[in-house]
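Please keep the sequence and the coordinates in view while reading.

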Amino acid sequence: MAAKPADALHLLATVRDPDKRQQLALSVTEMCVAQPLSPSAEPIAGDLLITLSTKSDLDTKVAMAKKLASCDWAPHSAVRHFAFDEIEISAIIIEKSDKLTQKDMIELAETGSIEHRRHLAMRANLCLPVTDRLAQPGEPIVLRALANNDTAEISEDTLEVCLHV
């Protein structure tokens, strides 16, 4: 009996019709946020969401990101994937998702675009390792966002850099 839903999902995943793919991506996202996933189901759901998103249009990805960003039990791998996506998608995750780890944010500060860093600098309650990493490139737009972030922990060195922009 358990194989039937999996078979149905696999069949839907092979459909080339963009509308049906969108429907599948949003339905799987809904299933993931409806209730906490078991530890064994979470990585599978995350992989499925990532696979579906890679073949989805921008509007579908934005809708998926909005649902996942506000879910405490969203699959971490999917949240992380969306955080590194196009800025229209990643900004949603960066702003709202509690599933991003300090390690994720540091990597995003190191490898993301200047827009990823700017959005990250505006995120509430940033810790010192993240703000220090964000300040390192010395990008004025990122430094201004950090300086205006009342909830971020900012070291004296980083504050000094921000004040000289």
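**Values and their cut-offs**

Q: Why is Arg133 called partly exposed?
A: The relative accessibility of Arg133 is 27%. Buried means under 20% relative accessible area and exposed over 50%, with partly exposed in between (1.4 Å probe, protein chains only). Arg133 therefore counts as partly exposed.

Q: On what kind of model do these values rest?
A: This is a predicted model, in which local features need pLDDT of at least 70, side-chain atom pairs count only at pLDDT 80 or more, and totals for chains, interfaces and linings use all residues. Residues are numbered from 1 along each chain as its sequence is written, and side-chain values use heavy atoms, with hydrogens and water left out.

Q: What makes the pair Glu110 and Arg133 a salt bridge?
A: The N to O distance between the two side chains is 3.1 Å. A salt bridge requires a side-chain nitrogen of Lys or Arg within 4 Å of a carboxyl oxygen of Asp or Glu, so the pair qualifies. Glu110 lies in helix α7 and Arg133 in helix α9 (residues 128-135), so the bridge ties together parts that are 23 residues apart in sequence; helices here are DSSP runs of H or I with at least four residues, numbered from the N terminus. Elsewhere, salt bridges with shared partners join Lys61, Asp85 and Glu86 into one network.

Q: What makes Asp104 and Arg80 a salt bridge?
A: The closest N and O atoms of Asp104 and Arg80 are 2.9 Å apart. Asp104 belongs to helix α7 (residues 102-111) and Arg80 to helix α5, so this pair ties together parts that are 24 residues apart in sequence. Asp104 counts as buried at 4% relative accessibility, whereas Arg80 counts as partly exposed at 24%. A search of the whole structure finds eight salt bridges.

Q: What makes Ser56 buried, and what does its side chain reach?
A: The relative accessibility of Ser56 is 15%, so Ser56 counts as buried. Ser56 is in the loop between α3 (41-54) and α4 (58-69). Its side chain reaches the backbone oxygen of Leu52 at 2.6 Å; a polar contact is a pair of N or O atoms within 3.5 Å, where, within protein, one atom must be able to donate a hydrogen and the other to accept it, and residues adjacent in sequence count only if both atoms are side-chain atoms. Setting aside residues up to four places away in sequence, Ser56 touches Ala25, Lys61 and Met64, contact meaning heavy atoms within 4.5 Å.

Q: Why is Asn149 called buried, and which backbone atoms lie by its side chain?
A: Its relative accessible area is 9%, so Asn149 is buried. Asn149 is placed in the loop between α10 (140-147) and α11 (156-163). Polar atoms of its side chain lie 2.8 Å from the backbone oxygen of Ala121 and 3.2 Å from the backbone nitrogen of Ala152. Beyond four places in sequence, the residues touched by Asn149 include Met122, Arg123 and Leu126.

Q: How do you know that α2 and α4 are roughly parallel?
A: The axes of helix α2 (residues 18-34) and α4 come within 10 Å and cross at roughly 5 degrees. Axes are lines fitted to C-alpha atoms, for helices over the stretch in contact, with angles from 0 to 180 degrees between N-to-C directions. Angles under 35 degrees count as roughly parallel, and α2 and α4 are therefore roughly parallel to each other. Residues that meet include Ala25, Leu26 and Thr29 in α2, with Ala63, Met64 and Leu68 in α4.

Q: Why is Asp72 called exposed?
A: At 59% relative accessibility, Asp72 passes the exposed limit and so counts as exposed. Asp72 is in the loop between α4 and α5, and beyond four places in sequence its contacts are Asp98 and Lys99.

Technical notes
Helices (H or I, at least four residues) and strands (E, at least two) are DSSP runs, numbered from the N terminus. Angles under 35 degrees count as roughly parallel, over 145 as roughly antiparallel, 65 to 115 as roughly perpendicular and the rest as oblique.
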